[in-house]
Amino acid sequence: MTPRHRSIVWSVARHALLLSGAALVLLPFLWMISTASKPQTEIFTKSIHFIPYSFALWDNFATAFDKATLWRFLLNGGVVTASIFALQVLIALPAAYALAKLRFVGREVLFALVLFCILIPPQATAIPVFLLFHKLGILDSYAALIVPFTISAFGIFLMRQFFKTMPDDLIEAARMDGISEFGIVWRVMLPTAIPALTAFGIFSVVAHWNDYFWPLIVLNSEHLRTPPLGVASFRNEEAGTNYGPLMAAAIVIIAPLVVAFLLAQRRFIEGITLTGIK
Amino acid sequence: MADTLTAVAMPAERDTVAARPSQTRSHNRTRPALAMVAPAFVLMCLLLLGPLLGVIALSFTDYQLGSPSFSWIGLANYQDMLADRVFWISLRNTLTYVAIVVPSAVALGLAVALLIESGGSLRAWYRTIYFLPVMATLIATSIVWEFMLHPQFGLINGLLHGIGFEGFSWLQDRRTALYALCVIGIWQALGFNMVLFLAGLVSIPRQLYDAAEIDGAHGAWARFRLVTWPMLGPTTVFVVVITGIRSFQVFDTVHVLTKGGPSKSSEVLIHTMYIESFEFFRSGYGAALTVVFLVFVLLLTLVKSALANRGVHYA
């Protein structure tokens, strides 16, 4: 074989391998869409067909929205993830700036604590935080869903590393203009930190939109359910009888993040692999 | 230069009139600095460090949610745990899960990354497709998997019947439930690992491949063995540890699909901890289980930093 032939053979092999892998990875998504498009009678059959004979996607969506208050779950998901991210920024940004650019007693200790806190897995603190919230009487509320995640040690670390790279002259100039230290954080540092904040925002929103463990622990009320809890409870109520609407509900829960991902892939991959640093 | 200048200038200044302004200025910045870190520090103590110490302390008590009092019972929770059959099943299942998911998800992630990097076309497409399961809400995709694994109407058994095999009741069969969950775990973790490996591959200097070529390393395997694999060392350690920690945390799929069943065959640590703490409200015992989980996660983290310090680069 000449090198040219070899490279063609290799190229074909590469695509063949990657395509078959891709088909396997996509299979659950395709099957979800396929099932959501089928009427009941086509779902409970042993013959495998991906394209439905009669198209029932809209009916299934309608049933899902009707039976499972999907709008409410989406709204809750939006409120919770947005509040968490806003509070994380509000708390982490000043701390990150102080750790990066200001000298104060205990700075090194505090930074060591931040690094340590990054390593604490969320499951580890669940029981004491649950007991604390029980004592405070705020279980089963938006607050219970939001408050535990207002502090992101990882966010502080990430923004501190970013601020470290910013020139001191910029800050000095702002001080000359009479801007206070807090003013510097929001008016000078924040605008320059948008790329890093976007990555962190994606990381935070994806993590909390998809979180199941904590909402499951603190929630009782149906009207507070976040998307994962909502779709899980819909599944429990239907108990394996109504797969069309259930798959339609799964599409609705998955769609916001997947659509956002497809629109801004690079940013999303950047943001989510931030956990790699963790 | 600037440093020496200020060092020379400072004592002179301090002795003269400039002393007061410079002091107040630095004072002015310590106060805002402390005000800036205070909320973060308080919340860190309240929501992370405190609860971490709390869970350890709790594991030495018999506290149950709602009971008016509790007492220190030393290691009794741990003794109960070691005597409990469910704990050992749960631990064994978790370790089995980790032992299957970590190597598979790491090897597949690496294989996909290498395949994507080895050619020029459709890179972004493949990357997007393989990354999709990472993004998608695991609870929702778990429910899709459940339907695919349905004994009668599922796609998997349908395909197996098509090629003449007997199917399984995957999630309802104690021989297969845990392995079915492993497959979902691998499916979800693969794309994340692929992206980390892609980043690692891009950072390998091209000259190394040229140098290896000159030294007689011909063919893809020789290049991989002599350049790619050693240079990916730190990335690989990292990916293994991350996947390991995440696999120890496995909960969502278990809770939605099997509840640890049938007959405990897919019971895992965090699920046992959840049931004990939040369904039976045996907080003390749940805390002891959490501590065991923490020890494993800590071990993995230590392995990572130990290997990172040794410079796996040249291993």
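Analyst: Let's start with a pair in chain A: Gln88(A), Ala92(A), Leu93(A), Ala95(A), Ala96(A), Tyr97(A), Leu99(A), Ala100(A) and Lys101(A) of α4(A) meet Gly155(A), Ile156(A), Met159(A), Arg160(A), Phe163(A) and Lys164(A) of α8(A). Being in contact means that C-beta atoms, placed from the backbone, lie within 7 Å. Ten of the residues in this contact are nonpolar, two are polar and three are charged (nonpolar: Ala, Val, Leu, Ile, Met, Phe, Trp, Tyr, Cys and Pro; charged: Asp, Glu, Lys and Arg; polar: the others, Gly among them).

Please keep in mind that this is a predicted model, where local features need pLDDT of at least 70, side-chain atom pairs count only at pLDDT 80 or more, and totals for chains, interfaces and linings use all residues. Residues are numbered from 1 along each chain as its sequence is written, while chains are lettered from A and ligands numbered from 1 in the order in which they are written.

Now for the geometry. Helix α4(A) covers residues 70-101 and α8(A) covers residues 153-164; their axes come within 8 Å and cross at roughly 45 degrees. Helices here are DSSP runs of H or I with at least four residues, numbered from the N terminus, and axes are lines fitted to C-alpha atoms over the stretch in contact, with angles from 0 to 180 degrees between N-to-C directions. That angle makes α4(A) oblique to α8(A) (under 35 degrees is roughly parallel, over 145 roughly antiparallel, 65 to 115 roughly perpendicular, and the rest oblique). The crossing of α4(A) and α8(A) is right-handed, with the near helix turned clockwise from the far one by less than a right angle.

Helix α13(A), residues 227-238, packs with α14(A) at about 180 degrees, their axes 10 Å apart. So α13(A) is roughly antiparallel to α14(A). Pro227(A), Val231(A), Phe234(A), Arg235(A) and Glu238(A) of α13(A) touch Leu246(A), Ala249(A), Ala250(A) and Ile253(A) of α14(A). This contact has seven nonpolar residues, two charged ones and no polar ones.

Helix α14(A) itself has 21 residues, 243-263, so at 1.5 Å a residue it should span 30 Å, and its end C-alpha atoms, 29 Å apart, agree with that. The expected span is 1.5 Å times one less than the number of residues. Helix α14(A) also bends by about 45 degrees at Ala255(A), with a proline, Pro256(A), following within four residues.

Finally, what about the other chain? In chain B, 70 residues are in contact with 73 residues of chain A. Helix α2(B), residues 19-58, gives the largest share of that side of chain B, 20 residues.

Key
Helix = DSSP H or I, 4+ residues; strand = E, 2+ residues; numbered from the N terminus. Bend = angle between axes of the 7 residues up to and from the residue. Contact = placed C-beta atoms within 7 Å.
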